[in-house]
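Welcome, and please take a moment to look through the entry below. A short report follows, arranged by topic.

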Amino acid sequence: MTVTSLGIPRRLLEFRIDGESVRAPEGSTILDACRSAGKDVPTLCQGDTLTPKNACRVCVVEVEGARTLVPACSRKAEAGMEVRTDTERARHSRKVVLELLASSVDLSTTPEVAGWLKEYEAKPDRFGPDAACVDEQPRIDNDLYVRDYDKCILCYKCVDACGDQWQNTFAISVVGRGFDARIAVEHDGPLTDSACVYCGNCIEVCPTGALSFKSEFDMRAAGTWDESAQTGTTTVCAYCGVGCNLTLHVQDNEIVKVTSPHDNPVTHGNLCIKGRFGYQHVQNRD
Amino acid sequence: MDLHFGDSKPTDEEQAAIDTLLGPPESSWEGADRSDADLRWARGGRAARDRRDLLLPGLHAVHDRIGWISEGALDYLCRRLTVPPAEAYGVATFYAMFSVKPRPATVLHVCTDLACAAAGASELCAEVEARLGPGSGVSVERSPCLGLCERAPAALAVKAGDPVRTAVSAPTTVERAVLAASSPDSAPEEPAAALAVPQAGDPSLTLLGRVGVVDPASLDDYRAHGGYTALRQAFAIGPAGVIREVTDAGLVGRGGAAFPTGRKWQATASQPDHPHYLVCNADESEPGTFKDRVVMEGDPYSLVEAMTIAAYAVGAHKGYLYLRGEYPRALRRMEHAIGQARARGLLGDDVLGQGYAFDIEIRRGAGAYICGEETALFNSIEGYRGEPRSKPPFPVEKGLFGKPTAENNVETLVNVLPILTMGAPAYAAIGTGTSTGPKLFCVSGSVDRPGIYELPFGATLGELLELAGVRERLRAVLLGGAAGGFVRPDELDIPLTFEGTRAAGTTLGSGVVLAFDDTVPLPRLLLRIAEFFRDESCGQCVPCRVGTVRQEEALHRIVERTGADAAADITLLREVGRAMKDASICGLGQTAWNAVESAIDRLGAYE
Ligand code: SF4
Ligand code: SF4
Ligand code: SF4
Ligand code: FES
Ligand code: FES
């Protein structure tokens, strides 16, 4: 859900999406406008609490007069624009992008992607059995969270969340380039040697499950992770006076992970190590 | 920002290399452990943060001295600049010329790109590797185009130390390459820049007229040959006058995009936000391109003068010259020329006594084709990974350091000199109605006289190849470099203009003309092009990062196949290529399939 703060009233722009006239406040992206108009445009690297990096390119749409397709998530709407979201050209790019992604990384824990693969008739297998893929082992070097870059689509969200957009810790970065680019800490060492403060904000924004709670990772490995059996309860963090909202995910009476509502105007889904990971004491029963 | 640093310490050498660049730390806080005296006193912390743009020069300083960048050196540099180590590591690993793993002090870059490949670079490289095996103290690296295509095959030796030594060997042989690597100091001098200009001395040359005629080290000689008359003219007519002349002359950018220069300058000049910057893109890394190198080596003051005029027109007081890391001689010549110009009041606070302040800083690239993309270049200068930014906003509005910036390549800028000296109408009379002026072409491959040629727009491809002495049994011509397209030997009447090449369904690009005779195996060449793009993709967007890999894989599969056997993979190539062209963020991904597509469609490469 996108929360648009009600600041000074903004001018309304008029333009067209798929032939229909729409109005959107100045500063909205094409994606915002599409969503308000009830149009479905797939997105992966766009995040509701971050400035989009427009790296994945699954949200591309056609804008009249533009030489190439444009990313709906970050292109600002302009008055008089003619946007087409569902042309053969846009669908073709989305399909190929999905194929390229699905053939190179493990999307099994990426929500919604299975549906898009079907909708766009993507066939990731057609690049053959020898197609290069990101071949990484999960990095388990601390008790709090696991980095499984086999699932990483390089959306840059974790880097932005750890860096100047939220956490200001700058523990992680994109290193290398091209197909060899990866998310890593300095000198590609273990997380424990890095600047990481274990706020878990990177996990909060990761769209693919490449970053996950150790608890979730272990349960998935053991085959006991069952989202349908989980309940979410939103409460207030008890550690300090800031009053961050926590959503406790509970399965079989155990807290299995903690997230935070993105529409909280103070924290926008961000927490600190205590709120995010300090739940063990709640369930110590002896 | 609360930075965390590990325990690794720099060696004395590493620290010295960094301190030479940045000066000694002002307090023990900056870059070192805290002492009791200034435990709570972060003097200069904010000031240091503003120096992030010294990250790339800092990495160069360490690399030049040591040959690789250790953890301790990187951490020390980060402390000095208050840059998070993870980000600096991301930057260091972005560039092909840097190593973050120990490696020998001497690296021999052997070009295996198009012109060199056609001149037998693979065998050469294999033999050099055999001769300089482990224990030789030399690391042999296969390199993309070194910008020496007129002298293919080419090699560049870099020996770390204080100072760093370089030796260019081209045309190279196994012996010469080994000699350059083992004792760069005693390697023979490079041939004069003018040898890359077969027309040198021809009085009708406009842009190359001084190459081989002036002494590139002498400012007086430059002035004796008409230097600085254009700048005087610029001061006489004022910034608006310069922009008017450039607009009326019809000058468009020579880097490939062909955007009207006057319009770009006008848009920059009129931005209310300040300061304004001028950036000269001298990072030509398009395989087959070497014209900027020859201009900088043969006539360096012309670029200094042209940059000064451009800066004056757009209201910039600071200019950056972003120069390819692989051009040691161009770097030396430009450093010298800028120093001389500064000493003589042609740069600095009061240029030519006109009360206008302008200075130029050189920034060396470190091996990344993508940094030729204007916004990637800004990121690189600013000390970030050389990843392109998405546009809009455009550089004229938010460019370098987020400020209005005019970015032009070397060839575009030097065209401003004749525009001002001969006047817009005379300049516009050269070439055709819509492609005005003279144009530089980099001709290499299967020709007798490879080099840069200057012709008025409108000459045909055949005329150009004639001049260069095209050899028998021409099989294909690659126009515009790896990002361009192939044409057939029966298409030599294509006029070399923007509109003419467009009408013929191809592109002029940056003016690369690579000729291949029928001894060159086309599928291997295409594979090399695909490999180039796969290597040079920044990795930011999916269509390019993965698409270039899938393109290379498909070409590998069909390298020995044709007809029906290749059909499925060609369909695949087309589909991936179309998505790369349509959905990539920047020009690299958007053009990575052009050459292959044209080889399939125009040359029937796999029929
Ligand atoms: S847990 Fe927090 S500090 Fe650590 S990498 Fe993630 S965002 Fe950065
Ligand atoms: S780890 Fe997750 S958030 Fe980070 S880049 Fe990869 S997919 Fe995106
Ligand atoms: S097209 Fe390629 S080089 Fe350009 S931004 Fe995308 S990944 Fe980077
Ligand atoms: S969601 Fe728009 S580019 Fe990724
Ligand atoms: S120098 Fe080798 S191809 Fe250009």
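In which loop of chain A is A:Leu154 found? A:Leu154 sits in the loop between strand 6 (145-147) and helix 4 (157-162) of chain A; helices (H or I, at least four residues) and strands (E, at least two) are DSSP runs, numbered from the N terminus. This is a predicted model, in which local features need pLDDT of at least 70 and side-chain atom pairs count only at pLDDT 80 or more, while totals for chains, interfaces and linings use all residues. Residues are numbered from 1 along each chain as its sequence is written, chains are lettered from A and ligands numbered from 1 in the order in which they are written, and side-chain values use heavy atoms, with hydrogens and water left out.

Most residues other than glycine have a negative phi, and most peptide bonds are trans. A:Leu154 is not a glycine, yet its phi is positive, about 55°. With a relative accessible area of 4%, A:Leu154 is buried. Here buried means under 20% relative accessible area, exposed over 50%, and partly exposed in between (1.4 Å probe, protein chains only).

## A similar case at an asparagine

A:Asn54 also has a positive phi, about 40°, although it is not a glycine. Look for A:Asn54 in the loop between helix 1 (30-36) and strand 3 (60-63) of chain A. A:Asn54 is buried too, at a relative accessible area of 3%.

A:Cys34 is in no disulfide, and the nearest cysteine sulfur, that of A:Cys59, is 9.3 Å away. A:Cys34 is buried, with a relative accessible area of 0%. A:Cys158 is buried as well, with a relative accessible area of 9%.

## Chain B as a whole

Chain B holds 26 helices and 13 strands. Its C-alpha trace spans about 80 × 60 × 50 Å along the principal axes. For 607 residues, a compact globule would have a radius of gyration near 25 Å, and the 24 Å of chain B agrees with that. The radius is taken over C-alpha atoms, and the globule rule is 2.2 Å times the number of residues to the power 0.38.

Of the 607 residues in chain B, 62% are buried. Among contacts (heavy atoms within 4.5 Å) with a separation of 6 or more in chain B, 71% join residues 24 or more positions apart. Chain B has 60 positive and 79 negative charges, and their mean positions are 2 Å apart. Lys and Arg count as positive and Asp and Glu as negative, without His and the chain ends; each charge is placed at NZ of Lys, CZ of Arg, CG of Asp or CD of Glu.

## An enclosed helix

Helix 4 of chain B (residues 71-81) is largely enclosed by the rest of the structure, because ten of its eleven residues are buried. Among them are B:Asp75, B:Arg79 and B:Arg80, along with B:Leu74 and B:Leu77. After helix 4 of chain B comes B:Thr82, with a positive phi near 45°.

## Two cis peptide bonds

The bond from B:His274 to B:Pro275 is cis, with omega near -5°. B:Pro275 belongs to the loop between helix 11 (261-269) and strand 5 (276-282) of chain B.

The bond from B:Pro392 to B:Pro393 is cis, with omega near 0°. B:Pro393 lies in the loop between helix 15 (374-382) and strand 8 (405-409) of chain B.

Technical notes
Disulfide = S-S within 2.5 Å.
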